[in-house]
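Please read it with the model open.

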Amino acid sequence: MRKQLWVDPRLCEGHALCLESAPEVFDLSDDDVAECVRQPTDELWEQATAAIDACPRGAISLIDDPKGQPVP
C-alpha cells in the first residue's frame, strides 16, 4: 500500500517549519494552517521526512492510501 502525507488541521499551529524543510510539498492556507499541496516525489521524501520530524505538534503524518494509487 502506498503512503501519503497528511496534515491534521486540528493540530497544526502554523509554525511553518515544514515549509522550511520541504517548501515544494507544503504551504500555509489562508488560516495559517499547513497543508500538503503535493505528494513528494522520490527525490523529495527525505525533505518530507525532515518536515514530519520538525513539526512541534506532530501534525504531519504518513497514512496509507486506501486505493494504493499515487496521490497528486
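**Charged residues: notes**

1. At 66% relative accessibility, D31 counts as exposed, a label that applies over 50%, with buried meaning under 20% and partly exposed in between (1.4 Å probe, protein chains only). D31 sits in the loop between β2 (26–28) and β3 (34–36); strands here are DSSP runs (E, at least two residues), and helices are runs of H or I with at least four, numbered from the N terminus.

2. This is a predicted model: local features need pLDDT of at least 70, side-chain atom pairs count only at pLDDT 80 or more, and totals for chains, interfaces and linings use all residues. Residues are numbered from 1 along each chain as its sequence is written, and side-chain values use heavy atoms, leaving out hydrogens and water.

3. The structure holds four salt bridges, each a side-chain nitrogen of Lys or Arg within 4 Å of a carboxyl oxygen of Asp or Glu. One of them joins D8 and R10, with the closest N and O atoms 3.0 Å apart. D8 counts as buried, at 8% relative accessibility, whereas R10 is exposed at 69%.

4. E13 forms a salt bridge with R57, the closest N and O atoms being 3.2 Å apart. This pair links distant parts of the chain, 44 residues apart: E13 is in the loop between β1 (3–7) and α1 (17–21), and R57 in the loop between α2 (45–54) and β4 (60–64). R57 counts as partly exposed, at 37%.

5. E24 and R38 also form a salt bridge, at 3.9 Å between the closest N and O atoms. E24 lies in the loop between α1 and β2 and R38 in the loop between β3 and α2, so the pair ties together parts 14 residues apart in sequence.
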